[in-house]
Amino acid sequence: MNIDELFLLGLRLQKIAEAAIPTEGIGEHATSTRSVLVVTADIKDHPGTTVTQVARRTGMAQSQVSDAVARLRTAGAVIVEPDPADGRRSLLRPNPEASGRVAAVRDTSIAPALAATTTDADAAMALLEDLKSLLKPVD
């Protein structure tokens, strides 16, 4: 597998994951699910970060990150606190207590989305679990 194939596989896996996320009761949002997931992952990996820092690391526009943070606050997934060193900034942390929305997303099986996009959902799930076990944690 070469880099472009890996990149395209990653995009396809993202789309499968997005298709699996429950959307009931979240209403209309200008921010994409993908943006919210990218911001969520970055805040999880860098607790105590700022919107500007998330934007730099992810390559997203600051307004996009702000919109995603607003959506995450509404869902109870992120805690926003004033920066004690600079009152003009806010620090972002994952909420240690999963909200109902976060719990619903975490409890949702990817199996139906895999079944809709693969020829053998069980084999695909097993391969994803193997890959997950081989990957080192993100710094």
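## A pair of strands

In this predicted model, strand 1 and strand 2 pair in the antiparallel sense over six bridges; two strands count as paired if DSSP finds at least two bridges between them. Strands (E, at least two residues) and helices (H or I, at least four) are DSSP runs, numbered from the N terminus. Two residues form the hairpin that joins strand 1 to strand 2. Look for Val80, which stands opposite Leu92 in strand 2.

Now turn to helix 4, which covers residues 62-75. Its 14 residues reach 20 Å from the first C-alpha to the last, close to the expected 20 Å, a span found as 1.5 Å times one less than the number of residues. Just after helix 4, Gly76 takes a positive phi of about 80°.

Which residues of helix 4 are buried? They are Val65, Ala68, Val69, Arg71 and Leu72, where buried means under 20% relative accessible area, exposed over 50% and partly exposed in between (1.4 Å probe, protein chains only). The buried residues pack against helix 2, helix 3, strand 1 and strand 2, with contact meaning heavy atoms within 4.5 Å.

## A look at Glu129

Glu129 is found in helix 7, residues 121-134. Glu129 is partly exposed, with a relative accessible area of 43%.

## About the numbers

Residues are numbered from 1 along each chain as its sequence is written, and side-chain values use heavy atoms, leaving out hydrogens and water. Because the model is predicted, local features need pLDDT of at least 70 and side-chain atom pairs count only at pLDDT 80 or more, while totals for chains, interfaces and linings use all residues.
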